[in-house]
Structure formats: structure tokens, C-alpha cells
Amino acid sequence: MLLEKLSNLPGVSGNEKAVREAIIEQLQGHALEWQTDTLGNLLVRKKGSGSGSRRVMLAAHMDEVGLMVTSIEKSGHLKFRPVGGIDSRVLVSKRVRVGDDRIPGVIGSKAIHLQKPEERLKPFELDQLYIDIGARNKDEAEKHVQIGTYVSFDTACTPFGDGCLRGKAFDDRAGCAVLLELLLEKGGPAFDAAFTVQEEVGLRGARVASYTLQPQYALAVEATAAADTPDTEKERSATMLGSGPAISFMDRSIIVNREIFKGLIEAGEKAKIPFQFRRFTGGGTDAGAIALSREGVKAGVVAVPCRYIHSPCSVLKKSDLQHTVSLVRAWLEATA
Amino acid sequence: MKKFNEVAINKMETLIKELVEAYGPSGEEAAVRELIEEKIKDSVDRTFTDNLGNLFAIREGAAPLLMFSAHMDEIGVIVTHIDDNGFLRIAPIGGVAPHLLVGQRLSFKNGVTGTVYHEKIKALKELDWPKLYLDIGAAGAAAAREHIRIGDMACLHQPFVNLGGRYMAKAMDDRIGCAVLVEAARRLPGSLPQGVCFVFSVQEEVGLRGATTAAYRLEPDYGFAVDVTLVGDTPEAPLMAVSLGQGPAIKVKDRSVLCHPRVRELMIETAEKHKIPYQLEVLERGGTDAGAIHLSREGVPSGAISIPCRYVHSPSEMVDAGDVAHAVELIEKIIMVSWPLPDSGSGA
């Protein structure tokens with residue numbers, strides 16, 4: 001499955017090369033035109049079979065949250081800082097890959113035996129954590145790592161349970177997989193796909209991608225937080241796994257254009273595709289940057305619900321992914 | 001006998017009343033836009049609306065081009081969940097204080113009205129969004145869903161009141177700016193020293209979004225926001241040297257913009273020449289469309305004219321009639337000044 005392959009690749013914001021190359025590899029041999037820009041966005045044009053007169057852009061971001069090495073200690077341990085929004089409490093004892101050579105490492109901390117009783121009451125803070133790459137000392141570590149080296153989670157994507165997948169970086173490789181499927185299928189409407197960079201650090205790639213493509217309509221295809229876990233009250237469950245793609249009405253970055261919001265609902269209802277609303281207004285997406293590009297763009301968001309997002313291991317349901325492809329396709333057919 | 005604050009309203013007040021009572025939370029400004037377009041179209045050469053919903057009303061003329069922007073949107077709430085008993089859960093649109101909503105009436109675009117209340121709380125400080133709900137009187141989820149869908153927006157439901165020299169309403173921020181621009185446009189003579197575009201912008205309350213794309217499209221030579229500002233003239237108010245009734249405020253700075261000194265000076269000179277009372281405004285919180293306009297493209301020298309307003313973002317925002325009238329006059333005179341063509345490299 002395409003998503004499994006994409007999920008396993010490292011692509012922390014600003015270092016999306018491996019993901020971009022994997023996507024380009026998929027594009028080969030199809031009647032598609034593509035270019036990359038200065039920031040590293042991959043822009044793909046599908047001419048399609050329809051006589052669409054509107055310029056429609058779909059966006060999914062290639063980058064994921066991760067870490068960056070900020071200093072190398074005498075002992076050979078690496079200090080680090082997060083890139084993008086990471087809850088530092090999820091980091092302890094996680095396996096990571098360091099740098100482009102994907103050197104194995106583990107995020108270490110003081111073992112329980114060595115902690116004072118009061119230390120056990122509080123989660124570790126970033127300054128108490130370090131990455132251990134098994135180096136003897138600083139000199140040895142410096143052969144492999146320097147300050148600024150990227151670190152990504154080391155999680156192999158695996159299918160499990162009732163049609164679920166567990167893995168890292170579903171936010172937003174899930175969106176990338178949706179766009180790829182729509183690009184690679186025969187026929188279908190014309191559209192521009194933007195595989196963007198640096199979303200997790202402030203919607204940066206989408207801003208310039210949209211400036212270049214000058215769309216009239218745009219949809220960000222995302223992964224969004226599912227809050228259907230046992231301790232969540234129903235009215236705070238942002239989205240539920242298995243209930244289909246989540247249509248956004250508003251987040252911190254955008255008030256979704258009403259025409260697009262209605263268009264998505266109509267497309268879903270007409271084609272009998274299950275969907276849900278994203279019942280939460282926090283977070284930002286590429287759509288926010290795209291909407292404010294040049295003279296303004298009508299933009300919206302569709303997202304695959306995803307549990308434990310921004311952590312080393314998140315969970316999604318394959319049926320949600322497939323229904324997202326169907327919903328976006330139905331919307332494109334009605335819009336382009 | 002009439003009470004002192006029951007005052008018949010004149011034509012300008014009727015315009016203000018229509019504008020403030022219209023429905024228009026950020027992203028749903030259509031009703032306000034249609035109203036303004038109807039009121040302003042005979043005073044300008046042409047009008048059009050862009051992708052985000054900004055309304056442009058243009059008086060053609062020689063360079064330079066002046067852009068005046070007042071935002072049409074108001075704060076509100078958006079429905080995030082409908083529970084089994086038909087109660088609606090809500091999230092804020094723009095800077096809404098949860099405690100100001102309790103017991104207030106809210107209206108949806110389709111006219112459905114309800115009131116906000118809260119779950120059991122032990123202390124006022126627990127009053128936060130997850131504790132609030134909106135009751136539209138629906139006897140269950142099915143009844144609620146007949147009228148309301150997730151993603152629907154509501155805004156405050158409050159009538160305009162003329163207090164006699166002072167006006168009170170919801171959405172004075174910034175329909176009063178819209179009213180001032182409509183009235184200024186109406187008063188302009190047939191021939192102007194330069195072109196002017198009145199922009200009625202969208203989505204200011206969620207981050208100056210409409211003005212961002214409007215300024216890009218228009219490429220103005222000068223930008224002016226017309227918006228409300230906070231005051232320091234109420235009991236134990238935070239220190240601020242702006243009062244109701246002392247005239248419109250010429251902005252020096254807020255959190256979004258440091259007004260261009262030449263723009264500010266020319267506005268001050270104009271006010272003094274025509275003996276229009278004014279105040280200077282240093283706003284420590286908040287931003288205006290000028291913040292977005294001045295950073296558009298290669299940069300636009302920008303300033304702002306503010307109408308002092310008490311209780312901003314509450315159901316009862318209050319402005320002074322004299323300040324409103326003087327703001328109209330000041331803007332009219334600013335437009336009649338021959339503005340120099342901005343030359344590059346002539347910064348502060």
C-alpha cells in the first residue's frame with residue numbers, strides 16, 4: 001500500500017526530499033507534468049479528461065513533525081529540540097532515526113530506579129531527554145551527526161486490527177496518498193496537486209505553492225485528530241475513526257468558504273459517501289495560507305481522522321482513507 | 001413623557017441601525033455586503049466582490065489611489081456539536097469572552113434564535129467554552145437538526161438603541177466604520193483630486209484576512225482602516241488616552257501597524273485645518289485592516305481613523321454620535337486633499 005511506503009520515509013519539515021523523490025517516482029510514466037520550486041514544493045498538473053474551466057488545487061503536505069539536534073554532549077549524547085508541535089511527554093524511550101543515513105537511536109532518560117520519588121511524579125521535560133546513538137563519545141558522534149541534523153521517529157507502518165494502520169507521519173502522508181491516487185487514476189477531472197513543505201512550522205510551503213499555481217478553488221487534504229478514545233465526552237470528540245472523511249467548517253487558519261463547505265456535503269450526500277464534520281476549531285492547515293494567496297482563493301479542508309496524531313505512532317482506518325479519495329474525487333467532478 | 005434616551009432617529013442613524021442589526025459573523029458577511037452595496041452604489045462609479053467576499057466600491061480618478069477599509073464581519077459563534085437533547089455546543093469566531101455570552105440571545109442566518117447558558121460550575125473562572133451551550137428551544141436532536149447543522153454560525157441578537165447622543169448596539173465593531181464610509185462616499189463632490197476605493201472587508205476579526213487579499217488586488221498607494229478603538233474613560237478602565245465624544249482618533253499604532261508618519265501627519269493637518277476635533281490613539285491591544293494593508297506587496301503607507309467605542313466585543317458596544325459625524329467629515333476632507341504620489345525610498 002502506497003501510504004505504508006510514504007509513512008516509513010523520513011520527512012521532517014525542511015527535509016522533505018525523500019518523500020518528494022518517492023512521490024516523483026510514482027508519477028513517472030503517467031501523463032503528468034511536474035516541477036519543484038525553491039522551497040521544495042512538488043507541483044503536479046493533471047490535464048484530466050474533462051473540459052474543466054476552473055483552476056482547482058489540491059494540497060497535501062509532505063513534512064511531518066520531528067526533532068532536530070541542537071548540541072552534541074561530551075558523552076556522545078545528542079540534545080534536541082522539536083520541529084513542529086510535539087508533546088514532549090510522548091518522547092521518552094522512543095526509537096528514532098538520525099540524519100539522512102537514518103542512523104538508529106533511542107530517546108533516553110533516567111531509569112525508574114535512579115529517579116528520586118518526587119521525580120517520578122512529573123513527566124520528563126525536553127531538557128531531561130537526549131538521543132542515544134550508541135556513540136562512545138562526542139568525537140565518534142560527530143562522525144555521523146552535526147548540529148542541525150534532522151531526527152525522525154522510527155516506526156514501521158503496519159496493518160492491524162479491523163482494517164487499521166499504525167505508523168508515523170500519517171499527518172500528512174495520508175493526504176499525499178489521496179492526492180497520488182487521484183493523480184494516477186485514469187481519467188477524472190483536471191487539477192493541480194501541490195505536495196507542500198513546512199506545513200508543520202507555519203503553512204510555509206503552501207503559501208508559495210498557491211502563489212505559483214493561482215487556483216480559483218483549493219482543498220487541503222489532511223489528517224486530523226480523532227478524539228474517540230474512552231475518556232472523551234461525545235461533544236468533545238473532534239472526529240471518529242471509521243466515520244469517513246472529516247469536513248472542516250473552521251480552524252485557526254481559515255473559515256472555510258461556504259460554497260466549498262456546502263459543495264463537499266452535497267458531493268458526499270449525492271455519491272452516498274460517509275463523511276463527518278470536524279467538530280473542533282483549533283489547528284491550522286495549508287488551506288489557511290492558500291485562501292489568502294494573491295487576490296484570495298476559495299478554500300476548504302477534508303481530513304482523514306487519525307488517533308494519536310503528532311506522536312511516534314498514530315492510527316487510522318483504511319476505509320476512511322478510501323472514502324476520502326471518493327469524496328475528493330466527487331467534489332472535483334462537481335467543481336472543476 | 002419621553003424618557004431621556006428615547007430619541008427618534010435620523011437618516012444616518014437609520015443606516016447605522018440597519019447595518020448593526022444585520023447578520024454577519026466572519027465568513028458569513030453576505031447580508032451586510034448586499035445592504036452596503038445597495039446603499040453605496042449610487043455614490044460610486046462601480047462595485048465588485050472578490051473571492052473572499054470583500055466588497056469594493058470605486059470612485060475612479062487620477063493617481064494616487066486611496067484605499068479605505070472598514071470590515072463587515074462581527075464576532076460570533078459556530079456550532080460544533082448537536083447533542084441528543086438538541087442542545088448546541090459552540091466555539092468562538094473571533095475574540096469572544098465566554099462570560100459575555102451567558103444569557104445572551106444569538107441568531108442564525110435563517111432567523112433561528114436561542115440563548116447561551118452554562119453547565120453547573122462552582123466558580124465563574126470555570127466558565128469556558130466547553131461549559132457553554134446554545135439552547136434554541138428544540139425538543140431533541142431531530143428537532144434541532146431540522147434547522148441547524150454543524151458549522152452553522154450565529155451572532156448576537158440585539159437591537160440598535162439611540163441613547164440620545166450616544167448609540168448602543170452589537171457589531172458597532174465595525175459596522176459603524178461601514179456606515180461612516182457609506183456616508184462619506186455619499187457626500188463626496190463630482191470631482192476628486194484622486195481615485196478612491198472603499199473596501200468593505202471580510203474576516204477581520206479572525207486575522208485581517210479580507211484586507212490581505214483586497215489590498216493585493218487593489219494595489220493602493222495609501223491605505224486607511226476605519227474601525228473602532230478602545231477607550232479609557234470608564235470606571236477603573238485600563239489606562240488609555242481616548243474618550244468617547246472627543247472626536248475620531250487618528251491612530252499612531254496598534255499591535256498590527258505603526259502608522260506611516262506622513263499619513264498620520266497629513267491626517268492631523270487636515271483635521272486642524274478644518275477644525276475637526278480629533279484624538280491620537282495608541283492602542284496596546286488589537287489590530288486593524290491597516291496591519292494587513294501596509295504589508296501588501298511592496299508595502300503601502302497606511303494609517304487609520306478610529307471611532308472610540310466602549311464595551312468592544314460585547315452585546316452593547318457604545319459610540320458617540322458626534323465622533324461618528326466628525327469621522328465622516330474627517331474622511332471626506334482627507335479624500336479632498338491632494339495626496340502626493342508616493343516615491344520609493346521615502347520611508348519614515
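**Close-up views of a predicted two-chain model**

**View 1. Pairing of strands E6 and E9 in chain B.** B:Leu106 lies opposite B:Leu156 of E9(B), in a region where strand E6 (residues 105-108) of chain B and E9(B) run antiparallel and are joined by three bridges. Strands pair here if DSSP finds at least two bridges between them, and the elements are DSSP runs numbered from the N terminus, helices being H or I of at least four residues and strands E of at least two. The model is predicted, so local features need pLDDT of at least 70 and side-chain atom pairs count only at pLDDT 80 or more, whereas totals for chains, interfaces and linings use all residues. Residues are numbered from 1 along each chain as its sequence is written, and chains are lettered from A, and ligands numbered from 1, in the order in which they are written. E9(B), residues 153-156, also pairs with E4(B) in the antiparallel sense, over two bridges, and there B:Met153 in E9(B) is the bridge partner of B:Ile78.

**View 2. The side of chain B that touches chain A.** In this interface 22 residues of chain B are in contact with 17 residues of chain A, contact meaning that the C-beta atoms, placed from the backbone, lie within 7 Å. At least two residues of this side of chain B come from each of strand E4 (76-82), strand E5 (88-93) and helix H5 (209-218), and H5(B) gives the largest share, five residues. By class, this side of chain B holds seven nonpolar, nine polar and six charged residues, where Ala, Val, Leu, Ile, Met, Phe, Trp, Tyr, Cys and Pro count as nonpolar, Asp, Glu, Lys and Arg as charged, and the others, Gly among them, as polar.

**View 3. Packing of helices H4 and H8 in chain A.** Helix H4 (residues 170-184) and helix H8 (residues 318-335) of chain A pack at an angle of about 50°, with 10 Å between their axes; the axes are lines fitted to C-alpha atoms, for helices over the stretch in contact, and angles run from 0 to 180 degrees between N-to-C directions. This angle makes H4(A) oblique to H8(A), since angles under 35 degrees count as roughly parallel, over 145 as roughly antiparallel, 65 to 115 as roughly perpendicular and the rest as oblique. From H4(A), A:Ala174, A:Ala177, A:Val178, A:Glu181 and A:Leu182 meet A:Leu321, A:Thr324, A:Val325, A:Val328 and A:Arg329 of H8(A), a contact made up of seven nonpolar, one polar and two charged residues.

**View 4. The eight-stranded sheet of chain A.** Eight strands of chain A form an open sheet with mixed pairing, in the order E1-E2-E12-E3-E13-E16-E14-E15. Strand E1 (32-36) and strand E15 (276-277) stand at its edges with a single partner strand each, so one side of each is left without a neighbour in the sheet. E1(A) and strand E2 (residues 42-46) are antiparallel, paired over five bridges, with A:Glu33 opposite A:Arg45 in E2(A). H8(A) lies across strand E3 (56-61), strand E12 (191-196), strand E13 (217-225) and strand E16 (298-306), and runs at about 165° to E16(A).

**View 5. The three-stranded sheet of chain B.** This open sheet has the strand order E10-E11-E17 in chain B, with antiparallel pairing; strand E10 (161-162) and strand E17 (317-320) are its edge strands, each pairing on one side only. Strand E11 (residues 166-169) is joined to E17(B) in the antiparallel sense by four bridges, and B:Tyr167 stands opposite B:Val319 in E17(B).

Definitions and conventions:
Contact = placed C-beta atoms within 7 Å.
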